[in-house]
Every structure is written in structure tokens, then in C-alpha cells.
Amino acid sequence: MSVAIYRCPELLVAGRWRAGRGEGRHVVVDPATAEPLGELRLASRADLQEALDCAGPAFEAWKAVPAHERCARLERGVARLRARADDIAALLTAEQGKPLAEARAECLMAADLIKWYAEEARRVHGRVLPARSADARMDVLKVPAGPVAAFSPWNFPLVLSARKIGGALAAGCSIILKAAEETPASVAAMVACLAEELPEGVLQLVYGVPAEVSTALIESPVIRKLSFTGSVPVGRHLAQMAAAQLKRITLELGGHAPVIVCEDADIESTVALMVPHKFRNAGQACLAPTRFFVARSRYADFLEAFQAAADDLRIGPGDAPGTQMGPLAQARRLHAVQDLVARSAACGARVLTRAGRVPEAGYFAAPTLLADVPLDAPAMVEEPFGPVACALPFDSLDEAIALANRSDYGLAGYLFTDSARTIQAVSQRLEVGSLAINGIGVSVPEAPFGGLKASGWGSESGIEGMEAFLETRFTHYSVPKDARRQA
Ligand SMILES: NC(=O)C1=CN([C@@H]2O[C@H](COP(=O)(O)OP(=O)(O)OC[C@H]3O[C@@H](n4cnc5c(N)ncnc54)[C@H](O)[C@@H]3O)[C@@H](O)[C@H]2O)C=CC1
Ligand SMILES: O=Cc1ccc(S(=O)(=O)O)cc1
């Protein structure tokens, strides 16, 4: 994208778009060229305090808006988001690097997520329990949790922000979102679509020094609920801060998804599904299929087909026609991926990749398959968060399941087989929050998405995702004697 049409956004605080007043600036870079796109002015402590001062009254006002009206307002915002999908996709590609078609699909997925939450707002309900006496009433109510602080990352800035914004607003909460400084303009454009329909301060957007922002928001008594998507170390740190404040936190911390390819799987169609899914967003996805465990009799065929399909991918700038895989989002990701491959090769992994095929400028890495990867090699243990897949053969289903579960992560998993017995065994024993069988559908708006083990706490999307922004309240109502007499 031309630098001329990219503009770093301002913060949205107390209903006004204005530049951050902090001293810090973040230089936003085009990952396809490594050239700067603009300078983002970061929030000061006073900016954050202003957002916090507004979030409490905004919450009181928003929770009083009937659910049908909340739904209607969100749906109007979603319509605007859909109408602006092309413009927002261009911003996303410029600052994040993913191909335009993926950026547009992400924008529409974000719209779908918010639309689903908006509809769900009308279905939040409590229950009436049988009272223990005739003159009493016992109600269980679902009430919005309060002002939310949410932190979203740079890999899927729209989708991963939409999960938090949609759930919070539909539940009746106000929200202060700190989105990633690396990808600020696409999220600001989405927020602008929604904020037009909302009372002042219900949805606020800040950018800042991440640790300063999270400390200020988490420690403020105004904030009642937290939600974070990002790395395990940062998630652990925020969880500790949340615990000190006794605040609820939802954490989505990534994965290292296993793929079990059984003897009866069709290798051609498995590879046709897995290669685009693996290399979507240059592999920078928490649900990316990464550790391929393949029945030994099919292993050689699998390696050959996977490598051929990966080598065929057209790599280039996200806005170039026909690009199928863009650059990594930052220089630090490129270095991390190169380092992971080198360390894994040093441990004995075979590196299968077509060298010398990526553009020289920018943060491009070639799609890489690591074969025969030793179990203690770094790529088997660490989330690559890049275009790197590992493969290893297995001899029995028990072995495949044990290999798959040999990870601290437990987010998404994939299985390819036609056997009902295998499907049942893997469904019961694979330690993942989301399992796709003969497909890739681990994340849809109406289903919960969340991880086991180090992959996080709680779920986003689905009714479980909505629940995360609600509190449960019990009311035991004894009808006063006077009122009983009047009745
Ligand atoms: N689950 C997911 O979708 C994501 C997972 N990751 C994981 O993190 C790894 C490293 O990515 P980096 O961006 O270099 O990691 P990082 O750990 O520095 O940052 C991850 C995210 O957390 C935010 N962050 C950092 N410190 C924070 C703080 N004190 N308070 C609030 N937010 C804070 C950052 O702005 C970023 O969006 C990736 O390789 C991947 O494994 C990263 C982004 C998204
Ligand atoms: O990185 C996490 C992630 C990425 C993409 C999606 S979705 O497929 O667009 O829903 C979900 C989670």
C-alpha cells in the first residue's frame, strides 16, 4: 500500500478521537518493505485515567439499554463494518502484511463474530427457582460484569479484538481496548464503525506502552473483568496481577496444534486443506496446524505432497495480485522463526524447503517443513508462530495420541481418518479445546474457542464467551406482609 493513504490512528477516549499525550511514539512498519508507515502517539497516564473515569458512568448507561436495543445498535455497526471491509482490509495488509484476500476475510469474520454476540444479547436470561415458601420468590439473574479491560494482539487484530468487543458490549459492559501498537489503524477503523452507534465512552480504544497500560487498567478499581490474547509469559504476568486484584481474566495464549493423519486418510485432500491453513497469515495463528503425526505407511507420501504444495505457494507483498503468503509481521518474528529452524536442524530435523524464493526486502520467510523432528527439538516444543511445520511418523494410534498430548499447549487439534473408532478415541483423549475432524473448522462465532493447559483460561465466542462478561446474581425476595394483605 502507498504510505500516502496510511495514517496512524488516534485514541478514542471519552467519545473523542484524539492523539495520545504520552511521550512515547511507536513507529508502525510495513512488513513487506520494512519501511515506516507512520508514528503512533501513545497514551499518557492521564489519558488512561480519563478513559477509566468515563468507563464507569458509560457502563451504568449502557447496561440500562434494553438488550434488543443493544443488539440493534451493534448490528448497525456491523453493517458499516461490512460496507468498509475493502478499506479496512487495505489498512490491515499494509500494517500486518497478510494478503488482501485474507485481510478482507478477517474483517468479515470480525463482523460475523460481533453479529453473533449481538443476537445472543437478546437470549441472555436468568431463571426462577421454586421458592421455599408461598410468599417468597427466588431469581437467578445474569448481569453484566462491569467495565472491561481487553488486550488484543497483532496477528489477527480484527478477529481477536472483535471477540472481546462483541462479547463485552452485547453483555452490557463498557470496554477499554488496548489493541496492538504494531497494527493500530485497522482496529481503529473497526472501532469507528461500531462507536458511531454507541453512547460516549462505552467503547474506548487506547495504544500505549503495553506494561504501563495493563498495570494502570488492571489496578484501577473501575475495571471488573479482563481479557487477553497473546503470549504465555505475558498472560501469566497479567493473571498474577489480576489475582492480586481478585479480578476475573480470560486468557487465550496460543497453541502448537497437533495433526493426526491416519493410515486411511486421503493424503491429497488432507494436504490440500492443511497447507493453506498452515500458511494462512504466514503461520502466525494460534490455531495453525503445526505438529503433523502421520501413519508410517503414509509418511513418505505425505512429506512429498506437503512439500510440493508448500513450495508452490506464491510469496510476496500482501497487496500484490496472486500473493498466497505475505511476510511475517515484524523483524523479531522473522529472526525468531529463522532461529527456531536453525536450532531444530542442529538437533537433527531435516529441513525441507525451497531456498532463495522469498523477496529480499521485508520480513519474508519461506514455508518450511521439518521432517523426522526429534521430540526434544525446539520446533516440537515451542510455538513456531511462523511458516514452519514439523512431521514425524507413528506406528499406533496410542502412540499418535501420546505424541500429540506431549505439549504444554492444548488449543486446537486436527484429525484425518474415516474410522469411527479412531474418531471416538481421539475425541475423548486428545488434550485440546477445539478439534476438527477431516476439516479445519476449529473456530466459528457460535462455538466456544479456548485452550487447555498453557493455552489459556476460559473461552471466547459461543455462549461460553458471552458468559465470561456476565456475573450471576441470586435474589431471594420475601413479599412484605402489607403487600400480601393488599393482594
Ligand atoms: N494467542 C495468540 O494469538 C498470540 C500469541 N502470541 C505468542 O507470543 C509470541 C511472541 O509474540 P510477541 O508479540 O513478540 O510477544 P509478546 O509476549 O511481547 O506480546 C504478545 C502481545 O502481548 C502484548 N503485551 C506485551 N506485554 C504486555 C503487557 N505487559 N500488558 C499487556 N499486553 C502486553 C503485546 O502488545 C502483544 O500484543 C508469539 O510467537 C506467539 O507464540 C503472540 C500474539 C498473539
Ligand atoms: O490466532 C488465533 C486465531 C486466528 C484466527 C482465528 S479465526 O479462524 O479467524 O477465527 C481464530 C484465532
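Select Arg 333 and ligand 1 first: a polar side-chain atom of Arg 333 lies 3.1 Å from an oxygen atom of the ligand. The model on the screen is a predicted one, and every distance in this tour is computed from it.

A polar side-chain atom of Glu 383 lies 2.4 Å from an oxygen atom of ligand 1. Next, show the backbone of Gly 230, where a polar atom is 3.5 Å from a nitrogen atom of ligand 1. To complete the view, display the surroundings of the ligand. There are 23 residues around ligand 1, and those that come nearest are Trp 154, Ser 214, Ser 231, Arg 332 and Glu 383.

Select it together with Glu 182: the two form a salt bridge, with their closest N and O atoms 3.0 Å apart. How many salt bridges are counted between domain 1 and domain 2? The count is one.

Now colour the chain by domain. Domain 1 consists of residues 3–253 and 455–473, while domain 2 covers residues 257–437. The C-alpha centres of these two domains are 31 Å apart.

**The interface between the domains**

Select the residues that meet across the boundary: 20 from domain 1 are in contact with 28 from domain 2. The size of an interface is often expressed as the accessible area that is lost when the parts come together. Domain 1 and domain 2 bury about 1800 Å² between them, and carbon and sulfur atoms account for 57% of this area. Across the same interface, nine residue pairs are in polar contact, both residues in each pair having a pLDDT of 80 or more.

Which helices each supply at least two residues of the side of domain 1 that touches domain 2? They are helix H3 (85–96) and helix H4 (100–121). The residues on that side of domain 1 comprise 10 nonpolar, six polar and four charged ones.

**Ligand 2**

Move the view to ligand 2 and select the residues that surround it, among them Met 109, Phe 156, Arg 163, Cys 286 and Leu 287. An N or O atom in the side chain of Ser 443 is 2.6 Å from an oxygen atom of ligand 2. For Arg 280, the corresponding distance from a side-chain N or O atom to a ligand oxygen is 3.0 Å, and for Asn 155 it is 3.1 Å.

**A last pair**

Finally, return to the whole structure, in which a search finds 28 salt bridges. Select Glu 467 and Lys 142, whose side chains meet in a salt bridge with an N to O distance of 2.7 Å. Glu 467 belongs to helix H15 (residues 462–467) and Lys 142 to strand E6 (residues 136–144), so this pair ties together parts that are 325 residues apart in sequence.

Terms used: Residues are numbered from 1 along each chain as its sequence is written. Chains are lettered from A and ligands numbered from 1 in the order in which they are written. This is a predicted model: local features need pLDDT of at least 70, side-chain atom pairs count only at pLDDT 80 or more; totals for chains, interfaces and linings use all residues. Side-chain values use heavy atoms; hydrogens and water are left out. Domain bounds come from an automatic or database domain assignment. Contact means heavy atoms within 4.5 Å. Buried area is the accessible area (1.4 Å probe) that two parts lose on being put together, summed over both. A salt bridge is a side-chain nitrogen of Lys or Arg within 4 Å of a carboxyl oxygen of Asp or Glu. A polar contact is a pair of N or O atoms within 3.5 Å; within protein, one must be able to donate a hydrogen and the other to accept it, and residues adjacent in sequence count only if both atoms are side-chain atoms. Helices (H or I, at least four residues) and strands (E, at least two) are DSSP runs, numbered from the N terminus. Ala, Val, Leu, Ile, Met, Phe, Trp, Tyr, Cys and Pro count as nonpolar, Asp, Glu, Lys and Arg as charged, and the others, Gly among them, as polar. A residue is near a molecule or strand if one of its heavy atoms lies within 4 Å of it.
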